[in-house]
Amino acid sequence: MNREILITIIENEIKFEREPEVNLMRAVIKQAFIDLLIISDKPKYKKLKENAREWFEEESSEFDLVCSLAFLKQSRIKMLYALVCSIQ
């Protein structure tokens with residue numbers, strides 16, 4: 001599965017809504033997925049990718065809060081994360 005297909009899957013799972021606050025939190029989650037899919041040897045991009053990985057993997061109240069404010073189930077987002085990791 002290539003990068004474009006993964007992005008399409010993520011976009012279909014995390015759709016934008018009418019409320020701007022919800023959209024902001026969903027954009028944070030989408031950006032974390034995009035950061036995971038970076039293909040670069042440049043240190044700044046490797047750091048973005050590592051930060052995204054840590055954000056998904058660590059048990060943090062920040063991740064839970066963002067998912068909650070985005071009205072998305074944490075378990076569903078973690079499942080998408082596992083899918084992305086299994087393909088990379």
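**Helices and their contacts**

Reply: The model is a predicted one. What covers the buried residues of helix α3 includes α2 (20–36), α4 (61–69) and α5 (74–87).

Me: Which residues of α3 are buried, and where do they lie around the axis?

Reply: The buried residues in α3 are Ala52, Trp55 and Phe56. They cover an arc of only 95° around the axis, which puts them on the same side of α3.

Me: How far apart are the end C-alpha atoms of α3?

Reply: Helix α3 holds 15 residues, 43–57. At 1.5 Å a residue, α3 should span 21 Å. The model agrees with this expectation, as the end C-alpha atoms are separated by 21 Å.

Me: Is Ala32 buried or exposed, and which residues does Ala32 contact beyond its neighbours within four places in sequence?

Reply: Ala32 belongs to helix α2. Buried means under 20% relative accessible area, and Ala32, at 9% relative accessibility, therefore counts as buried. Leaving aside neighbours within four places in sequence, Ala32 is in contact with Ala52, Trp55 and Phe56.

Me: How are α1 and α5 oriented to each other, and which residues make the contact?

Reply: Helix α1 (residues 3–13) packs with α5 at an angle of about 175°, the axes being 11 Å apart. Angles over 145 degrees count as roughly antiparallel, so α1 and α5 are roughly antiparallel to each other. By class, the contact has 7 nonpolar, no polar and 2 charged residues. The residues are Leu6, Ile9, Ile10 and Glu13 of α1 with Arg76, Leu80, Leu83, Val84 and Ile87 of α5.

Technical notes: Residues numbered from 1 in each chain as written. Predicted model: local features only at pLDDT ≥ 70, side-chain atom pairs only at ≥ 80, totals over all residues. Heavy atoms only, no water. Helix = DSSP H or I, 4+ residues; strand = E, 2+ residues; numbered from the N terminus. Expected span 1.5 Å × (residues − 1). Buried < 20%, exposed > 50% of the residue type's maximum accessible area, 1.4 Å probe, protein only. Arc of directions from axis to C-beta. Contact = heavy atoms within 4.5 Å. Axes fitted to C-alpha atoms, helices over the stretch in contact; angles between N-to-C directions. Parallel < 35°, antiparallel > 145°, perpendicular 65-115°, else oblique. Nonpolar A, V, L, I, M, F, W, Y, C, P; charged D, E, K, R; others polar.
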